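Student: I'm new to this one and would like a close look at a single part of it. Could you walk me through it slowly?

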Amino acid sequence: MTAPKVAVVGAGVIGLSTALCITETSPSCSVTVLSDQFSPNTTSDAAAGMLIPHTYPGTPIHVQKQWFKETFRYLFAISNSAEASEAGIHLVSGWQIFKSTPKEELPFWSDVVLGFRPMSKAELQKFPQHQFGQAFTTLKCDCPPYLLWLEKRLKANGIQMYTRKVTDLWELHSEYNIVVNCAGIGAHQLVEDKKLFPIRGQVLKVLAPWVKNFIRDGDGLTYIYPGMHQVTLGGTREKDSWSLSPDPGTTKDIFDRCCSLEPSLREAQDIKVKVGLRPSRWCVRLQREVLSQGGVKLPIVHNYGHGSGGFSVHRGTAKEAARLVRECIASLQGSSSRAKL
């Protein structure tokens, strides 16, 4: 058969990374990215981009760890290269703090991040309301520059990108041999996935260049993540809320909570509010499916439902999706050789 045509639907961090992995592992493919939104208007643009994994109850821990490891390794190499600044990736050290000792003192990812250890009593004095903490160094992704860097890599590999709203994956069957669904929260309507739900996140982006260390409350709600140019303050986790409008009361609450952990933030300047809908599921949907109508078949690879953990595992799940695409190509080639016989 001629070079297989692959369409990747979605241009957030999952869609762009998946398209890149497909071209790296199946260079004979012709890959096109289709999305109704590109950066700076994707959900990924509002993300904090910290590599601290979120746990998916329906996915085995060893699989989640492998995804995180792959992603950490990939971004660490970029952070250690001349492209680090353009890609918006850098190492950041800090603390995850708890009001009481958590059941799990050593999370599954503790040996992937750098220098993970319990905080000393002296360090905990900075947080008098908290009794236990963990100190480590991880990676921070400044999301808009990273998405633009991925787009640049894709264009260099000859990948086409088109603004197009796909309302039904089947509509692509006459133009493409394989479709990869990385539609994020859009999959709720696109494939009518009732297991997918939004968790609304509101964050603030502020100028506070003196803040160098991240601080994350163990409940995952309050966090301070310094980026290259701005500090991200968060946040909220509002299940089943579809609202993209910033809420002023929430803005004040986030700011006050973050200032209680880092009082110097009272002097922060240029406060901007961002809202995104995290595409959440019991587990990431990462699987093959075949749609068929009237004897015509269209192989689909799904890669969505990463919730608040997308940046932490994006490269790992993209590699897995690219492997599933290779399986689809092999079965297409097998059926075309059988047809010739």
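Student: Let's look at glutamate 70: which side chain does the side chain of glutamate 70 meet in a salt bridge?

Tutor: It's the side chain of lysine 319, with N and O 3.1 Å apart. A salt bridge here is a Lys or Arg side-chain nitrogen within 4 Å of an Asp or Glu carboxyl oxygen. Glutamate 70 sits in helix α3 and lysine 319 in helix α9 (residues 310–340), so this pair ties together parts of the chain that are 249 residues apart in sequence. Helices (H or I, at least four residues) and strands (E, at least two) are DSSP runs, numbered from the N terminus.

Before going on, keep in mind that this is a predicted model, where local features need pLDDT of at least 70 and side-chain atom pairs count only at 80 or more, while totals for chains, interfaces and linings use all residues. Residues are numbered from 1 along each chain, and side-chain values use heavy atoms, without hydrogens or water.

Back to our pair. Glutamate 70 is buried, at 17% relative accessible area, while lysine 319 is partly exposed at 37%. (Buried is under 20%, exposed over 50%, partly exposed in between, using a 1.4 Å probe and protein chains only.)

The helices on both sides of this bridge turn up again elsewhere. Skipping neighbours within four places in sequence, threonine 59 is in contact (heavy atoms within 4.5 Å) with Gln64, Trp67, Cys283 and Val284.

Take isoleucine 22: leaving out residues up to four places away, what isoleucine 22 touches includes Val6, Val8, Ala322 and Val325.

Leu261 brings us to helix α8 (residues 248–261), where the buried residues are Thr250, Thr251, Ile254, Phe255, Cys258, Cys259 and Leu261. They cover an arc of only 165° around the axis (taken from the directions from the axis to the C-beta atoms), which puts them on the same side of α8. Against what do they pack? Several strands, including β3 (89–98), β8 (197–207) and β13 (269–293). The face of α8 turned away from that buried side carries exposed Lys252 and Ser260.

Finally, how does our pair sit among the other bridges? The structure holds 22 salt bridges. One of the others joins aspartate 36 and lysine 165, at 3.6 Å from N to O. Aspartate 36 lies in the loop between β2 (30–35) and α2, and lysine 165 in the loop between β6 (160–163) and β7 (178–181), 129 residues apart. Aspartate 36 is partly exposed at 39%, and lysine 165 is exposed at 57%.

Lysine 140 and aspartate 142 form another, with their closest N and O atoms 3.2 Å apart. Lysine 140 is buried at 3%, and aspartate 142 is buried at 9%. There's also a network of salt bridges that links Arg288, Glu320, Arg323 and Glu327.

Key. The expected span of a helix is 1.5 Å times one less than its number of residues.
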